[in-house]
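I am opening a notebook on a structure that is new to me.

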Amino acid sequence: MSTSKELDELRRLIKHHDHLYHVLDAPEIDDASYDALVRRLRQLEAYCADETPVDSPTQRVSGTARHDFVKITHRTPMLSLDNGFEVADIESFDQRLREALALSSSDPLISYSAEPKMDGLAISLLYQEGRLVRAATRGDGAVGEDVTAQVRTIAGLPGRLRGDSYPNEIDIRAEIYMTRQGLLELNQQMQQQGKRLFANPRNAAAGSIRQLDPQVTASRPLALVCHGVAYPQGTQAAAVCHSDWLNWLAEWGLPLSSERQLVRGAAGCLAYYQQLLDKRAGLPYEIDGVVYKVDRIQDQQRLGFSSRAPRWAVAHKFPAIEVVTEVEAIDIQVGRTGALTPVARLIPVAVAGVVVRNVTLHNFQELQRKDIRPGDDVVVRRAGDVIPEIVRLAAPAEPRQLLLTLPSHCPVCGAQVIQLEGEAAARCAGGLVCPAQRRETLQHFASREAMNIDGLGEKLIDQLLQAELVRDVADLYRLERAALLRLERMGEKSADNLLQAIERSKSVALDRFLYALAIREVGVATARQLARHFVALEPIMNASIAELRVIPDIGPVVAARIDAFFREAHNRAMIGRLLDAGVSCYWQQQPVTHQQRSQEGLAGKTVVLTGTLVSMTRQEARAQLELLGAKVTTSVSRTTAMVVAGSDPGSKYAQAQALGIPIVDEPALLQLLGGEKI
């Protein structure tokens with residue numbers, strides 16, 4: 001067999017086995033045999049000089065990480081569905097359609113295509129000449145984002161349709177989801193890596209597709225189910241019914257729900273609903289209801305659309321499952337950002353297939369509103385079938401314990417608890433010293449925009465904390481080489497590089513130091529404003545709220561945050577330890593007044609940054625522009641006054657050209673900023 005024929009045969013075989021395994025759940029060969037086919041294909045493609053086709057099975061993960069997502073305008077909008085919750089809602093829906101179609105009581109019942117309502121991410125799949133050329137998210141319904149590279153990595157989705165009866169061009173609508181088992185395995189990996197867990201399968205699916213690097217998406221256990229088409233062109237045979245399209249999609253190798261059925265009338269819809277409700281807990285994936293669509297396409301066309309949804313379809317939502325259990329205790333949990341949250345510890349109870357032991361009460365206002373106390377019997381459900389919540393008291397226990405109230409000091413570190421007027425969350429003011437906030441504080445302190453300690457990332461911070469080499473940010477400046485070398489995978493060169501980066505960070509611009517302190521509401525731009533105005537650290541630490549309010553754009557909330565931070569003795573002591581360790585702040589520029597800022601000519605104008613800058617980071621450029629009164633956004637529109645383009649500017653450059661928006665390069669930006677380099 002020639003090499004080209006073997007390549008074609010290998011690709012055909014692998015696609016065939018992908019379809020059997022991922023779509024039909026009926027594999028013919030074991031994993032080892034499948035892997036051998038893929039290895040052979042990779043060997044041949046590497047050997048051949050010809051370009052590998054994009055729909056080759058080896059190309060599911062290809063290319064490099066993108067820096068943004070290109071916007072895609074849907075030719076046919078991706079609309080939402082109207083919801084029904086009660087039996088009467090579905091009966092009313094069916095009756096409205098009969099009246100709109102002028103059907104009498106003697107006419108046949110309406111046929112509906114019924115299927116589960118998957119809890120996932122809506123996606124548009126554009127096939128041309130049988131090849132997948134584009135995948136786009138729903139976005140706002142009219143404009144979505146190009147996620148083709150990410151979607152190509154989903155096993156079971158053909159890069160090329162099977163057979164030859166497909167339209168020349170077809171937009172297929174689908175849902176990307178993750179099974180319950182897939183989410184469990186992914187969260188176990190995330191936990192081992194010290195990363196935040198996904199709350200539910202839908203968030204996991206959406207977060208996986210939104211990864212800029214397709215390699216990350218490929219590592220996630222995603223699945224896909226198709227449920228309809230938008231605009232087919234060049235169809236060889238016109239479909240009479242929606243169910244015809246679904247049957248054809250299956251023939252072309254696309255995955256569909258095995259639970260889909262044709263039903264008749266409202267009674268048929270309700271029977272299907274009950275059938276899915278009964279088997280819901282045993283399904284391998286999450287569903288939050290069922291969907292009914294009028295099957296005859298001619299009837300769909302007659303019924304048309306409202307501004308947001310088709311009139312010929314409805315989602316029949318499942319009720320939340322509620323159970324009763326007892327509150328054993330209520331604890332106060334201090335989060336990584338210092339927020340104090342009351343958490344109810346429950347006698348474990350199964351809710352919609354998940355054992356619930358702990359339920360957040362969000363904040364102390366919510367706790368008081370619901371009047372939840374230890375010993376109470378409470379009604380628990382999973383909000384949106386995902387996050388557990390206490391709905392209400394079932395029957396108050398007698399005698400009842402005292403209602404938990406907001407403490408004045410953090411239960412973890414003893415720092416003052418601050419709650420600003422109008423805010424629901426109360427927070428610990430000891431951000432620099434509170435053990436509950438330790439990991440987040442260290443990450444922020446070492447970040448590029450703050451102290452810029454190169455090499456001190458999440459994994460190393462976790463190692464330092466686990467080995468108890470670091471308890472707070474000041475301990476970073478007391479790290480010793482010998483102690484670092486005892487850490488796993490820490491070589492001599494890495495240890496030396498880290499210590500050098502820590503030493504370099506001792507001399508730091510005042511605004512970076514202020515930002516590194518992680519004062520709530522104080523970002524890069526606000527830190528720079530404070531540094532420009534006060535010039536030195538001590539005046540900032542001793543400034544009153546009134547003195548802080550003099551600075552443009554610092555309102556009462558931000559001023560109160562800054563004042564509370566520097567009044568906290570723990571924070572002052574930590575700053576003292578940093579200074580004693582050799583950290584010194586400098587500021588060489590003169591304060592800028594509000595009048596001077598307004599005279600720079602950028603006040604009120606919208607600016608977009610794109611590409612890579614040489615003399616500063618984009619974050620630094622943004623801060624400088626905002627100080628001069630500009631509004632910096634991430635997308636180009638007709639209201640954009642100017643686009644600043646560095647090297648490799650990407651799609652925003654082309655969008656600005658198309659709209660006739662002025663584009664300036666980095667030297668021109670520096671001139672606009674008065675020649676000032678950040």
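I begin with a term: a residue is buried under 20% relative accessible area, exposed over 50% and partly exposed in between, judged with a 1.4 Å probe on protein chains only. The model is predicted, so I note that local features need pLDDT of at least 70 and side-chain atom pairs pLDDT 80 or more, while totals for chains, interfaces and linings use all residues. Residues are numbered from 1 along each chain as its sequence is written, and side-chain values use heavy atoms, with hydrogens and water left out.

Overall make-up. I looked up the secondary structure and found 25 helices and 24 strands, which are DSSP runs numbered from the N terminus (helices H or I, at least four residues; strands E, at least two). Of the 678 residues in the protein, 46% are buried.

Salt bridges. I took a salt bridge to be a side-chain nitrogen of Lys or Arg within 4 Å of a carboxyl oxygen of Asp or Glu, and a search of the whole structure gave 28 of them.

D331 is partly exposed at 32% relative accessibility, and R345 is partly exposed with a relative accessible area of 24%.

I then turned to D511 and R528, a salt bridge with its closest N and O atoms 2.8 Å apart. Helix α16 (residues 510–516) holds D511 and helix α17 (residues 524–534) holds R528, so the pair ties together parts 17 residues apart in sequence. D511 is buried at 6% relative accessibility, and R528 is buried at 7%.

I also noted a network of salt bridges that links E322, R381, E389 and R392.

A pair of helices. Helix α20 (residues 556–567) and helix α21 (residues 569–580) have axes that come within 5 Å and cross at roughly 70 degrees. Axes here are lines fitted to C-alpha atoms, for helices over the stretch in contact, with angles from 0 to 180 degrees between N-to-C directions.
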